[in-house]
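Open the structure in a viewer that lets you select residues by number. The stops below go from the sheet to the whole chain and then to single residues.

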Amino acid sequence: MAAAFTRSRSLLRWSIGSGSILGNNYNASSSSSFRAVAVRQQQQTRSNHVYTLPDLDYDYADLEPYISAEIMRLHHTKHHQTYVTNFNKALEQLQSATDPQAIVALQSALNFNGGGHVNHSIFWKNLAPPKEGGGEAPVGKLASAIDEQFGSFDRLIAKVNAEGASVQGSGWVWLGLNKDLKTLAVATTANQDPLVSKGLVPLLGVDVWEHAYYLQYKNVRPDYLKNIWKVINWKDVVARYESNV
Ligand SMILES: [Fe+2]
């Protein structure tokens, strides 16, 4: 599939290059047919896009003792990789599907695996080793908004921990932003549903699937939630807030 993507990109570059060469004697029909070709090729480029597992900004052992290297390695290279692989597979099937029933049947796989890729990509950036500022409380406008809306930073943490502990089965607990109201909200999502499904911009996501903590914390999810604050990258959370508020 990677080769197909490269081929498609080459075609698009060739097409755009030809269009500029022909630009001196454009007429309405050549212009519109060029646009049609370009649009078709752009669509093909998009549908052929292959998603890849993003690198982490730190080593697997760097979040210890709060999250073990073994959890991080498995979580990243096995769990996240599986979402990426299956998302690409579903997109490939979507590209060839013409029957509406087949297209609709793919939506669940697209949501689950695409959501898994989106959510984990945010999660890795939301984490940082303590030696690189992980766990240092937020500052600036986000810190003020947290105090104003939740009463204090500690009360926000208590709320996230309580809601995260109450997620039944697998899911996520989030600090999100309502862009219209410019307010913060703590929310949970089931399985791999992305926070956008609740109309919120994700600022901070905490994975409460068992695969995120079980090898180290066994069934005691509240202990995992208590410790994860030692490795939260608030600089990343602040940046997401400030670029959206
Ligand atoms: Fe996960």
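In what order do the strands of the open sheet lie? The order is β2-β1-β3, three strands with antiparallel pairing. The edge strands are β2 and β3 (201-207), each of which pairs on one side only. From one strand to the next, the twist averages 25°, an angle taken from 0 to 180 degrees between the N-to-C directions of lines fitted to C-alpha atoms.

Before going on, note that this is a predicted model, in which local features need pLDDT of at least 70, side-chain atom pairs count only at pLDDT 80 or more, and totals for chains, interfaces and linings use all residues. Residues are numbered from 1 along each chain as its sequence is written, and side-chain values use heavy atoms, with hydrogens and water left out.

**The sheet**

Select residues 171-178 and 183-190, which are strands β1 and β2. They pair in the antiparallel sense over eight bridges; strands pair if DSSP finds at least two bridges between them. Four residues lie between the strands of this hairpin, and K182 takes a positive phi near 55° there. Pick W172 next: its bridge partner in β2 is T189, and its bridge partner in β3 is D207.

**The whole chain**

Zoom out and colour by secondary structure. The chain has ten helices and three strands, taken as DSSP runs numbered from the N terminus (helices: H or I, at least four residues; strands: E, at least two). Along the sequence the pattern is α-α-α-α-α-α-α-β-β-β-α-α-α. Of the 245 residues, 43% count as buried, where buried means under 20% relative accessible area with a 1.4 Å probe, protein chains only.

Select 107-126, helix α5, and find N113 in it. Is N113 buried or exposed? N113 counts as buried because its relative accessibility is 8%. Beyond residues up to four places away in sequence, N113 touches T82, Y83, N86 and F87; a contact means heavy atoms within 4.5 Å.

Last, select 234-242, helix α10, which holds V237. V237 is buried, with a relative accessible area of 0%. Leaving aside neighbours within four places in sequence, V237 is in contact with N126, L142, L203, L204 and I232. To finish, show the C-alpha atoms of V237 and P138: they are separated by 8.0 Å, although the two residues are 99 apart along the chain.

Definitions and conventions: Buried means under 20% relative accessible area, exposed over 50%, partly exposed in between (1.4 Å probe, protein chains only).
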